[in-house]
Amino acid sequence: AYNAWKGNRGGDTVGPRTYAPRSASVRKGRTATLYYRVRDDQAASATVTIRIRTRAGALKKTLPLGLRGTGPLRRCRFSCRLARGTYRFTVYARDLSGNAAQKPLGSNRLTVR
């Protein structure tokens with residue numbers, strides 16, 4: 001890692017890009033599946049977190065996914081105990097160099113029936 005940093009004259013300075021390519025729909029009390037992708041040209045992995053907010057922007061749930069590989073489409077599953085309604089989930093990421101995800105962040109709709 002040190003040699004890669006030294007050869008790059010200061011290391012990775014660009015954050016990863018996040019995507020949420022699909023909306024999700026789930027019945028309350030069932031398992032919801034959220035699809036996401038994190039891309040980074042410099043880092044093979046990043047620490048990923050998904051936050052779910054109401055339409056008004058109030059944070060309702062945080063899903064800390066930990067260190068995940070970058071590149072392929074991935075999914076996150078959780079038991080959905082949120083009230084019925086429409087929410088927005090947003091994918092946050094931080095690469096191993098400490099760079100936060102580039103804006104705009106990947107986000108999509110979560111509907112709880």
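My entries follow, beginning with the conventions.

I am working from a predicted model, in which local features need pLDDT of at least 70, side-chain atom pairs count only at pLDDT 80 or more, and totals for chains, interfaces and linings use all residues. Residues are numbered from 1 along each chain as its sequence is written, and side-chain values use heavy atoms, with hydrogens and water left out.

Strands. I took strands as DSSP runs of E of at least two residues, numbered from the N terminus, and called two of them paired if DSSP finds at least two bridges between them. Strand β7 (residues 85-95) pairs with strand β4 (residues 45-54) in the antiparallel sense over 9 bridges, and I found Arg53 opposite Arg88 in β7. β7 also pairs in the antiparallel sense with strand β8 (residues 107-112), over 6 bridges, where Asn108 in β8 is the bridge partner of Phe89.

Ser45. I placed Ser45 in strand β4. Is Ser45 buried or exposed? Ser45 counts as buried because its relative accessibility is 15%, the cut-off for buried being under 20% relative accessible area and for exposed over 50% (1.4 Å probe, protein chains only). Leaving aside neighbours within four places in sequence, I noted that Ser45 is in contact (heavy atoms within 4.5 Å) with Leu67, Arg68, Gly69, Thr70, Asp95 and Leu96.

Terms used
Helices (H or I, at least four residues) and strands (E, at least two) are DSSP runs, numbered from the N terminus.
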